[in-house]
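Here is a short report on one protein chain. It moves from a single side chain to the cores and then to a helix pair.

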Amino acid sequence: MPLTAQSVRVAKPDPRGNRREIPDGADGLYLVIQGSGKKSWAVRYRNGQGQNRKFTLGPVLFERTGSIDGLPSIGAGHTLGEARKAAKAAMVTVGEGGDPAGERKALKSPATDGIVATHIVRFLKAKSGKRTVEAMRKLLDNDALADLRGQHIRAVGKSDIVAACDKITDDGKLVLANRTFSLLRTFFKWLVGRGALDVSPCDGLALPNPDAEKPRDKALTDAELSAVWHASYKIGEPFGALVRLMILTGQRRGEVSGVFEEEVDRIAAVWTLKGDRTKNAKEHTVPLSPAALREIPAADDQRDKKALLLSTTGSTPVSGWTKVKRRLDKESGVTGWVIHDLRRTAATNLQRLRFPIDVTEAVLNHASGSRGGIVDVYQRHDYADEKREALSALARFVVDIVTVEERRIAWDGMRAEDRGADRDAFRAAIRSDPAAWSEYLAALDTPAETAEAA
């Protein structure tokens, strides 16, 4: 039975992960569905020597917006109608004694070497960081870029970039369109840097949807942080521990979710992330306060150094954060925030405790701001002691906020301008050793008249 646009759209991959090939019934055209669900077109035929050949036309394009001259180039997206025409043309070539698949394989022309898809492969190979590369690959594999991927890099113009991003925007994915445009701009700039292009087609183009993204500046108040902390004990583990560890360390959700046995030195109280686990691809050490260390369980089998410690399976990071966040909102009564705001809250509280910005950025593993550019090249100080002091102080500060409401109120009162001396004493106590901190808390609990009498 011939394929239809609807049957192509709804066709499912093999549940066992094997490749499926569904014939169209004419001119050797097949719909190919990989185990991942990716769909493409291929033509099967016998060449003049009787050999079975497969000629891949390109990915499936469900609907074309706009018009093109002739057929799409090989490797670009094809609609069902276009694939049928291309298959028919290929079979004409076969009938004349040609071998489309063999000819394409043998072709070493600049046009082949110069297509966008070829350079995308090289671009991704030049990038470091497994997570970063996979995120880039996912953006560049978008169906909206199918036509673009099949073009020669020198044939791509501004209108092609705009058209590709407009397809994504028209699908209601405004932020994704922005992300895709930013990556295309980086890709074509890379080509210019390699001498493959003189000018980037992205030059002079504006972000497709500038109003779709506004920088967040939300940091949880002390009362909100306390509510979220207490709610974390009601959402179940390991999610509760993950939330508390983010609050205590300020690290990214993906980094915390992926902590495994080999990374944690419990004797030295240090968590070490290799470059392939960090956003900036640089190794990062996180000193662990006693409170933070308590949130990281040991592996059931400590000989398994790759065992994930905050996972439901022990081998894969947790998922389902949307539901977890919804549950946190319900249990805490705090809304209008996202999980990443816990990181901003940690940074804000470190600033409240008067830690220098470069120490805060060292804690967060930021490679921008005061530690970016030339400073990052020549400044090799690892901030190990400063980071430990900062995260210890942050943990004591958080514990105070979430355990004793009266102390939080006392802290709020000390922020008034006329209580500057007390405010400084509060910060100094948090930053000092635990013994001095305990003495300060005891003083807060002492009634004023008793303290005066003493």
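Aspartate 329 touches Val334, Thr335 and Trp337, with residues up to four places away in sequence not counted. The model is predicted. Aspartate 329 sits in helix 14. Is aspartate 329 buried or exposed? Its relative accessible area is 18%, and the cut-off for buried is under 20%, so aspartate 329 is buried.

**The chain as a whole**

The protein chain holds 22 helices and 7 strands. It has 454 residues, of which 43% count as buried. Take the contacts with a separation of 6 or more: residues 24 or more positions apart account for 57% of them.

**Nonpolar cores**

In soluble globular proteins, nonpolar side chains tend to be buried together. Here the largest nonpolar core has 54 residues. Val243, Trp271, Trp321, Leu328, Trp337 and Val398 have the most contacts inside it. Trp337, one of these, is also touched by aspartate 329.

Leaving aside neighbours within four places in sequence, valine 243 is in contact with Val228, Ser232, Ile235, Trp321, Leu328 and Leu342. Trp321 and Leu328 are themselves among the residues with the most contacts inside the core.

A second, separate core has 25 residues. Met136, Ala164, Leu184 and Trp190 are among them.

**Helices 8 and 9**

Two packed helices are described by the angle between their axes and the distance between the axes. Helix 8 spans residues 158-170, and helix 9 spans residues 174-193. They pack at an angle of about 155°, with their axes 8 Å apart. Angles over 145 degrees count as roughly antiparallel, so helix 8 is roughly antiparallel to helix 9. The crossing of helix 8 past helix 9 is right-handed.

Which residues of helix 8 meet helix 9? They are Ile161, Cys165, Ile168 and Thr169. On the helix 9 side, the partners are Leu174, Leu176, Ala177, Thr180, Phe181, Leu184 and Phe188. By class, this contact has 9 nonpolar and 2 polar residues, with no charged ones.

Technical notes:
Residues are numbered from 1 along each chain as its sequence is written. This is a predicted model: local features need pLDDT of at least 70, side-chain atom pairs count only at pLDDT 80 or more; totals for chains, interfaces and linings use all residues. Side-chain values use heavy atoms; hydrogens and water are left out. Axes are lines fitted to C-alpha atoms, for helices over the stretch in contact, and angles run from 0 to 180 degrees between N-to-C directions. Helices (H or I, at least four residues) and strands (E, at least two) are DSSP runs, numbered from the N terminus. Angles under 35 degrees count as roughly parallel, over 145 as roughly antiparallel, 65 to 115 as roughly perpendicular and the rest as oblique. A crossing is left-handed if the near helix is turned anticlockwise from the far one by less than a right angle, and right-handed if clockwise. Contact means heavy atoms within 4.5 Å. Ala, Val, Leu, Ile, Met, Phe, Trp, Tyr, Cys and Pro count as nonpolar, Asp, Glu, Lys and Arg as charged, and the others, Gly among them, as polar. A nonpolar core is a set of buried Ala, Val, Leu, Ile, Met, Phe, Trp, Tyr and Cys residues joined through side-chain atoms within 4.5 Å. Buried means under 20% relative accessible area, exposed over 50%, partly exposed in between (1.4 Å probe, protein chains only).
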